[in-house]
Amino acid sequence: MSAAPRWAMHSASPALALREQGFVVLPPAQFAHVASVELPTLQSWPDHWHALPPDTFLRDGGAYRFRRHSSFVHDTHTGAVAQVPHRAHWQPTSYNALHGGIERWFKPMEAALTQQPAWLALLAGLGRLFNAAGPAPRWYIEAHQFRIDTASGVGRPTPEGAHRDGVDFVAVVLVDRHAVRGGETRIFEAGGPHGIRFVLSEPWTAVLLDDARVIHETTPIQPDAPGGHRDTLVLTYRRGGFQDPQRP
């Protein structure tokens, strides 16, 4: 994999880039425009990441990840977004060999964020963009707030390694990055040898991924000073329903 971009990282037409190459990077102003949210509103949100509960499901023995999780449905015909009753996050082992196959019940996102009109506008705005790249009557959305900290020396944003999520589209949004080094985003063709790597450094930069076309990961982070952490918002959009375990 070369650091020299084979693909164009940025595009005036994110939907076209997703169709043509399977990913696109949106700088903060472009992400805010796509999300139909004022950038200063987004920049007021990082406090919602300061009290995330620990992820108690980590199977590598680490204590470096904190998160909340909630689910929503976006009707692309009416534009309406509705939060659904709290549910477990579940992935098959074919997509997540480390944490797949178990129902992971995380604490829900706080209403102080999810009831904001700007939050619902963000989900709908991304839904419209993804609908332009690959239409669906509705999107089943899972939202994840993550904090990866370096209190123990190393934090792993993707302990499962390079992976797909088993959805249609993924948005990885950098919310904050403080006193850390590393955390390189790596994107690979799912069916080929090519890849690209870069570091998200400016808050509210977003990476949008076509989950069928590419595999992604983020390398570990290490502290540059006490209190080092990397905060992200990860949103997955899936046609046909949420991922749930098969019941006998």
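Is Phe57 buried, partly exposed or exposed, and what is its relative accessible area? In this predicted model, Phe57 comes out as partly exposed, with a relative accessible area of 23%. For burial, the cut-offs are under 20% relative accessible area for buried, over 50% for exposed and anything in between for partly exposed, using a 1.4 Å probe and protein chains only.

A word on ground rules. Residues are numbered from 1 along each chain as its sequence is written, and side-chain values use heavy atoms, with hydrogens and water left out. Because the model is predicted, local features need pLDDT of at least 70 and side-chain atom pairs count only at pLDDT 80 or more, while totals for chains, interfaces and linings use all residues.

On confidence, pLDDT being the predictor's confidence in each residue from 0 to 100, the protein chain has a mean of 93, and 94% of its residues reach 70 or more. Residues 1-5 are another story: pLDDT there is below 50, and the stretch has 11 contacts in the model beyond near neighbours in sequence. Contact here means heavy atoms within 4.5 Å. Where pLDDT is low, the predicted coordinates should not be read in detail.

Now for the overall build. The protein chain holds five helices and 12 strands, which are DSSP runs numbered from the N terminus (helices H or I, at least four residues; strands E, at least two). Of the 248 residues, 53% count as buried. Among contacts with a separation of 6 or more, 78% come from residues 24 or more positions apart.

Back to the rings. A search of the whole structure turns up 10 aromatic pairs. Rings of Phe, Tyr and Trp (its six-membered ring) pair if their centres lie within 6.5 Å, with planes under 30 degrees apart called stacked, over 60 edge-to-face and the rest tilted. Phe57 and Phe106 make an edge-to-face pair, at 5.5 Å centre to centre and 80° between the planes. Phe57 sits in the loop between helix H3 (39-42) and strand S2 (65-75), and Phe106 in the loop between strand S3 (81-83) and helix H4 (111-114), so the pair ties together parts 49 residues apart in sequence. Phe106 is buried, at 5% relative accessible area. Tyr140 and Phe242 form an edge-to-face pair too, at 5.2 Å and 80°. With Tyr140 in strand S4 (residues 138-149) and Phe242 in the segment after strand S12 (229-238), this pair links parts 102 residues apart in sequence.

The ring of Phe106 also has the charged end of Arg67 over it, 4.0 Å from the ring centre. That label needs NZ of Lys or CZ of Arg within 6 Å of the ring centre and within 35 degrees of the ring normal.

Trp204 is buried, with a relative accessible area of 1%, and has a positive phi of about 75° although it is not a glycine. Its place is the loop between strand S8 (195-199) and strand S9 (206-210).
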